[in-house]
Every structure is written in C-alpha cells, then in structure tokens.
Amino acid sequence: SKVVSDLPPKILVTLNVRLPMTKALQTLFQNNILSAPIIDDKGNFVGQVDLLDAVVFLVYFSKKTQELLVDMGLPPEQRLVSVRKQSAKDESLKKLFRVYENADFSGINPTKTLIEDAPLSELAKFLAMHHRVAIVDSKDRLVNYVTQSDCIKMVSKKINRFQSGVNKPLSSLDIGSTNVVTIDLSSPVVEAFKLIVSHRVSSVVVADSDGEFVNEISPRDVRGINLETQF
C-alpha cells in the first residue's frame with residue numbers, strides 16, 4: 001500500500017525559527033499561501049504559523065504591546081511610535097515578534113505531524129480533521145508539508161473519477177455549515193477578526209442593514225494590512 005513518502009515532492013516554503021513575525025507574514029503574502037512550517041537551523045520541524053495566527057497576533061499585539069510599553073514607563077505620546085525601536089532592545093517586546101513564539105497562536109489549527117512511512121490512509125484521516133500536516137523523517141526533519149488545499153488540487157485534476165458525486169447539489173452532500181457568523185457592513189474590520197477567533201470559524205459573512213450578503217472576511221484579508229505601518 002502507498003505511504004506518505006510516495007506523494008510527489010513539492011517546493012516547500014519554510015520559516016526559520018528566529019524570523020520576526022512580520023517577515024514571516026510577508027513570506028506568506030508573497031507566496032500566496034495560508035501557512036508555512038517553521039524549522040530550526042538543522043532543518044528540524046518545530047511548528048507552523050498560518051494567517052489565522054496572524055489575525056490573533058494582530059488583535060493581541062495592539063493590546064499586549066501597549067501594556068508592556070506602559071510597564072516600561074513610556075509616556076502616551078511615545079508608546080505607538082516606539083514599538084519597533086523598543087522591540088529591538090527589549091526582550092519582552094522582542095519575544096512577541098518572533099515567529100516561533102507565535103506558532104499555533106490562535107489555538108485553532110494545532111500543529112500535526114506524521115512520519116513519512118505512515119500509510120496514506122492515515123494522512124487522509126488527519127486531513128479530514130486538520131488543515132495541514134507536517135511530514136517528518138525519523139529524526140524530525142521536515143520532508144513535506146501537506147494541506148487540504150493540496151488534496152483539493154489533486155481531486156480537481158482527477159475530477160472525472162468523481163462524476164457521481166460532483167454532479168449532485170450541495171444540499172444533498174451534507175457539507176458546509178448552517179451556523180453562519182455575520183457582521184454588519186459598517187463594523188470595524190478588527191471586529192470581524194475577533195468573531196473569527198471567538199467562533200472558531202474560517203470566515204464571517206458581511207451583511208448590509210437588510211441582512212443581505214455583501215461579502216465575506218477571512219484570515220486571507222489580513223494581507224490587506226500594511227505591516228510596515230502597523231509595526
């Protein structure tokens with residue numbers, strides 16, 4: 001039977017354990033990906049970070065750093081403009097910026113690993129419950145990183161094998177969710193991010209005053225935030 005190592009190799013985008021969180025997010029944005037594995041200098045897998053972690057990081061960061069800056073005795077007018085300068089020399093702030101410290105920060109998409117000689121059936125079970133799985137060898141070195149998106153792409157290439165299922169209406173397949181979380185069109189975007197976290201959903205629906213669908217907001221939309229001005 002097939003094992004995980006039989007999967008075709010792909011180019012892996014990885015993040016070094018010492019990389020600042022802002023640089024890690026820029027790497028995700030530039031490569032148009034939702035997540036990436038974190039590795040140490042020996043190539044060992046130590047965690048992962050995704051855009052949902054970024055959403056929680058941004059919401060948490062604005063509150064936590066202000067608390068730390070107050071503790072440091074900075075006057076109000078210096079607190080916002082001093083964050084980047086202070087983070088370079090203050091260990092408490094510096095720790096907030098490291099990508100490794102923010103791995104699985106949301107607590108919603110926990111890191112999962114699978115050994116490379118595990119059967120593909122086991123990988124399928126993992127991906128039915130988790131968004132992504134890091135594949136490691138016997139020494140914990142990262143060898144692959146498989147996501148639900150990878151599976152969807154694979155299925156789409158072989159869609160002719162699933163004709164009996166793909167031609168059915170969505171309502172008959174018992175997929176999706178009827179517990180839709182909505183937010184008013186006039187609400188601040190940060191409130192939408194808070195709803196994503198508190199309701200543990202992948203997106204929220206933006207509705208107008210009549211309750212009609214306008215759009216949706218998901219962790220992908222954190223890419224619209226200018227990190228240079230935020231940090």
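How many bridges join strand β5 to β6? Five bridges join β5 (residues 132-136) to β6, and the two run antiparallel. The views below come from a predicted model, in which local features need pLDDT of at least 70, side-chain atom pairs count only at pLDDT 80 or more, and totals for chains, interfaces and linings use all residues. Residues are numbered from 1 along each chain as its sequence is written, and side-chain values use heavy atoms, with hydrogens and water left out.

**View 1. The open sheet β4-β5-β6.** Three strands form this open sheet, in the order β4-β5-β6, with mixed pairing. β4 and β6 are the edge strands, each pairing on one side only. From one strand to the next, the twist averages 30 degrees. Strands pair here if DSSP finds at least two bridges between them. Strands (E, at least two residues) and helices (H or I, at least four) are DSSP runs, numbered from the N terminus. Ala-134 stands opposite Tyr-145 in β6. Helix α6 (residues 120-129) lies across β4, β5 and β6 and runs at about 145 degrees to β5. Axes are lines fitted to C-alpha atoms, for helices over the stretch in contact, and angles run from 0 to 180 degrees between N-to-C directions.

**View 2. Asn-144 in strand β6.** Asn-144 lies in β6 (residues 142-147). Asn-144 counts as buried because its relative accessibility is 8%. Buried means under 20% relative accessible area, exposed over 50%, and partly exposed in between (1.4 Å probe, protein chains only). Neighbours within four places in sequence aside, Asn-144 is in contact with Leu-7, Pro-8, Lys-10, Leu-12, Val-133, Ala-134 and Ile-135. Contact means heavy atoms within 4.5 Å.

**View 3. Pro-110 in a loop.** Pro-110 is found between α5 (91-97) and β4 (113-115). Its relative accessibility is 34%, so Pro-110 counts as partly exposed. Leaving aside neighbours within four places in sequence, Pro-110 is in contact with Gln-48, Asp-104 and His-130. Val-133 is 23 residues away along the chain, and its C-alpha atom is separated from that of Pro-110 by 9.6 Å.

**View 4. The β8-β9 hairpin.** β8 (residues 204-207) and β9 (residues 213-217) pair in the antiparallel sense over four bridges. Five residues lie between the two strands of this hairpin. In the turn, Gly-211 has a positive phi of about 80 degrees. Val-206 stands opposite Asn-215 in β9.

**View 5. Nonpolar cores.** A nonpolar core is a set of buried Ala, Val, Leu, Ile, Met, Phe, Trp, Tyr and Cys residues joined through side-chain atoms within 4.5 Å. The largest has 28 residues, of which Leu-15, Ile-38, Val-99, Val-204 and Val-222 touch the most other members. Elements giving two or more residues to this core are α1 (21-30), β2 (35-39), α2 (51-71), α9 (189-199) and β8. α2 gives the most, with six residues. Apart from this core lies another, of nine residues, among them Leu-7, Leu-114, Leu-123 and Leu-127. Not counting residues up to four places away in sequence, Val-204 touches partners including Val-181, Ile-183, Ala-192 and Leu-195.

**View 6. Confidence along the chain.** pLDDT is the predictor's confidence in each residue, from 0 to 100. The protein chain averages 79, and 74% of the residues score at least 70. Among its elements, strand β1 (residues 15-16) has the highest mean pLDDT (95) and helix α3 (residues 76-79) the lowest (47). Over residues 77-84, pLDDT stays under 50. For that stretch the model has 13 contacts beyond four places in sequence.
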